[in-house]
Amino acid sequence: MTRSVRDVGGAVLAVSQFTLFGDVRRGLRPSFDGAAPPGPAEELYEAYVSELQDLGLEVSTGVFRAMMQVDSTNQGPVTILIDSQKKF
């Protein structure tokens with residue numbers, strides 16, 4: 001956790017997934033009301049990918065708004081969500 005993607009010679013797989021924005025603070029059914037509409041969301045996604053590429057990172061992408069199956073192997077059970085706008 002102390003080394004960057006660049007430090008380890010890694011690459012980035014950037015896959016759009018709006019369901020990560022699901023908010024269940026008001027019950028068990030997730031709300032996606034705060035997610036960006038498809039047009040602006042795709043622009044943000046493409047800008048993110050472009051920024052990573054501008055940093056010299058190897059970036060692979062999926063197809064925006066497509067059903068995809070992604071297999072991955074994680075080394076460690078760590079997932080960290082950082083949201084400076086979220087109020088508890």
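Residues 24 or more positions apart account for 55% of the contacts with a separation of 6 or more in this protein, where a contact means heavy atoms within 4.5 Å. The structure is a predicted model, in which local features need pLDDT of at least 70 and side-chain atom pairs count only at pLDDT 80 or more, while totals for chains, interfaces and linings use all residues. Residues are numbered from 1 along each chain as its sequence is written, and side-chain values use heavy atoms, with hydrogens and water left out.

**Overall form**

The protein contains 1 helix and 2 strands, and along the sequence these follow the pattern β-α-β. Helices (H or I, at least four residues) and strands (E, at least two) are DSSP runs that are numbered from the N terminus. The radius of gyration is 15 Å, whereas a compact globule of 88 residues would have a value near 12 Å; this radius is taken over C-alpha atoms, and the globule rule is 2.2 Å times the number of residues to the power 0.38. Along its principal axes, the C-alpha trace spans about 40 × 30 × 25 Å.

**Surface and burial**

The accessible surface comes to about 8000 Å², and carbon and sulfur atoms hold 53% of it. Accessible areas come from the Shrake-Rupley method with a 1.4 Å probe, and for residues only the protein chains shown count as cover. Of the 88 residues, 12% are buried; buried means under 20% relative accessible area, exposed means over 50%, and partly exposed lies in between (1.4 Å probe, protein chains only).

| Residue | Relative accessible area | Class |
|---|---|---|
| Asp 23 | 18% | buried |
| Glu 58 | 56% | exposed |
| Ile 80 | 58% | exposed |
| Arg 65 | 67% | exposed |

**Asp 23 and its partner**

Asp 23 lies in the loop between strand E1 (12-14) and H1, and this residue counts as buried because its relative accessibility is 18%. The side chains of Asp 23 and Arg 25 meet in a salt bridge with an N to O distance of 2.8 Å, and a search of the whole structure finds 1 salt bridge. The term refers to a side-chain nitrogen of Lys or Arg within 4 Å of a carboxyl oxygen of Asp or Glu. When residues up to four places away in sequence are not counted, Asp 23 touches Arg 29, Pro 30 and Ser 31.

Glu 58 is placed in the loop between helix H1 (38-54) and E2. Although Glu 58 and Ala 11 are 47 residues apart in sequence, their C-alpha atoms are 4.9 Å apart in space. With residues up to four places away in sequence left out, Glu 58 touches Ala 11 and Val 12.

Arg 65 is found in the segment after E2, and its phi is near 65 degrees, a positive value in a residue other than glycine. Most residues other than glycine have a negative phi. Arg 65 counts as exposed because its relative accessible area is 67%.
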